[in-house]
Amino acid sequence: MSLLELDGVKVHFPVKKGLFFDRTVGHVYAVDGVSLSIEAGQTYGLVGESGCGKTTLGRAVLRLNDITDGGVVFDGTDLAKLPSEEMRAFRRRLQMVFQDPLGSLNPRQNIESILSEGMAAHGIGKDQAERREKIKDILAKVGLPSNAMSRYPHEFSGGQRQRIGIARALVLEPDVIICDEPVSALDVSVQAQVINLLEELQESLGLTYLVIAHDLAVVRHISDVIGVMYLGGLVEEAPSDALYAGPRHPYTKALMSAVPVPDPEVEDRRERILLHGDLPSPANPPAGCRFHTRCPWVQETKCATERPPLLDTGDGHKVACHFTAEIEAGTVKQTLATGIEAVTGTETVAAEAVEVSEGETTAEPADVAPEKGESPGKEEAPEKEEPATVPAQAQSDAGKADRSEGSPKA
C-alpha cells in the first residue's frame, strides 16, 4: 500500500449571491476527481497551468481546504473523515513549504520563535533549551548559521527565507512534505541550491515529496513520477523519463513543445504547438473532455459528451484521452484549424489554401477601390519634391551673420 493515496478527491467552492440571505448559485470546481498515489521516499511532481487546481489539491491533503468528496488515505488512515483534533496530530507528519517564503513567515517573530512554535504545539523537546539545540542542527542542515535564530524574516534574502520555510517543516520530523512552487520566486542560481538541498534532505532523512510547480525543467530534475493537471483533473501520469520522452496527451504535447531546446538547429526544426484560447472557467467547465475546446485533435464523437477516465496505456503511463492510440498511430489528424498553429522554423502552415489560376504561382492581391480622381489599375507616380526656396532678403541676412561670426572680435 502506498504511503499517500488520493481517491477521487473533489474540492468545490460555493458561489454565494444575495443581499440579505446568501444563497448558493453555483460552484467553482477547483479540484474535480483527482486520484493518485505516492510511495514512501518518492517525489511526485504536479504540473499544469495557473488556475488548474494544483495548490488547492496540495492544501486539501492537509485539510487546509475542506474536501467536498473523495478520500485522502495517509498511512492507512483516511484524513478526509478525521475529526479536527485527530487531524491536528497528523499534521506533524504532513508539512508544507509555501510558495511565498516571506508571506508564510510571521514578521514579528524571530527565527527561533517561528521554528519552536510548532515544536511546542506538538510536544517536541522537554524545554526551550532542548528545542534550541535541535533548531541549530536543522539550520545547519539547510545551510544557515546558528546566529540566524535571533534575526527576523525581513533580514534574509529570498533563498534564505525559503530555507527557513524548509527548516520549519523539518523540525517536526514529517514523513511527507508538500512543496508548493518552492523555487518559483527565486533566481536561477538559488533555485539550483534549493533543489539540491531538497534532494540531499530526502536521501538523508527518507522524506517523501509532493512538488507542485509550473516549471517543467525543475519538475523533471527532481521528480520520479509526474502528473499533469488541467482544469481540476489529471490528464496524464507517468514516470519522469517516460513522460518527457513521449508525452501522449494532447495537452502534455503542447506543454512539452513549449520547453526550449538548447540546440539552435533542433529548436528551428521542431514543431511547436500553440494553443489558442484561454483556460475555461472552473465555475463553468465544458462538458465531456475538459480539454476538447482547445484540443488540436478533437473529434465529433465522445470528446464533447464523455469525460475520459485516466487509464493505464502500458508501463505505468496513464492518459485521460479517448483517442490516445489513434493519435499515436497517426490515424487521427489535427482537425481544429482555429485552435492550433503548427510552426516549423520560420514557416507557418496556413489553414486554408489559396486558389490559383492556370500558369500562375502567386495569388493576386485583392482589388482596392480607387479614390476620387485616381485611374483604376495604375499606380500613381510619386510626386517630385521641389527644393525649398529661400527669400533673397533672408539669404542676405544669413550671409551677414556668417561674416560677423567669422570676423575676429576687437
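Okay, let's start at I166: if we skip its neighbours within four places in sequence, I166 is in contact with V97, V142, V194, L197, L198 and L201. Keep in mind that this is a predicted model.

So where does I166 belong? The largest nonpolar core has 37 residues, and I166 is among those with the most contacts inside it, along with V142, L170, I177, L201 and Y209. In general, nonpolar side chains in soluble globular proteins tend to be buried together.

Which elements give two or more residues to this core? They are the helices α3 (111–121), α4 (128–141), α5 (158–170), α6 (188–205) and α7 (216–222), plus the strands β7 (176–180) and β8 (208–212). The most comes from α6, which puts in six residues.

Now, rings. How many aromatic pairs does the structure hold? Four. Let's look at F74 and F90: that pair is edge-to-face, with 6.2 Å centre to centre and 80° between the planes. F74 sits in strand β4 (residues 69–74) and F90 in helix α2 (residues 84–90), so the pair ties together parts that are 16 residues apart in sequence. Buried or exposed, what is F74? Buried, with a relative accessible area of 0%. F90 is buried as well, at 17%, because the cut-off for buried is under 20%.

Two last stops. Y230, Y251 and F291 are linked into a cluster by ring pairs. And over at R151, the charged end sits over the ring of F156, 4.3 Å from the ring's centre.

Technical notes. Residues are numbered from 1 along each chain as its sequence is written. This is a predicted model: local features need pLDDT of at least 70, side-chain atom pairs count only at pLDDT 80 or more; totals for chains, interfaces and linings use all residues. Side-chain values use heavy atoms; hydrogens and water are left out. A nonpolar core is a set of buried Ala, Val, Leu, Ile, Met, Phe, Trp, Tyr and Cys residues joined through side-chain atoms within 4.5 Å. Buried means under 20% relative accessible area, exposed over 50%, partly exposed in between (1.4 Å probe, protein chains only). Helices (H or I, at least four residues) and strands (E, at least two) are DSSP runs, numbered from the N terminus. Contact means heavy atoms within 4.5 Å. Rings of Phe, Tyr and Trp (its six-membered ring) pair if their centres lie within 6.5 Å; planes under 30 degrees apart count as stacked, over 60 as edge-to-face and the rest as tilted. A charge sits over a ring if NZ of Lys or CZ of Arg is within 6 Å of the ring centre and within 35 degrees of the ring normal.
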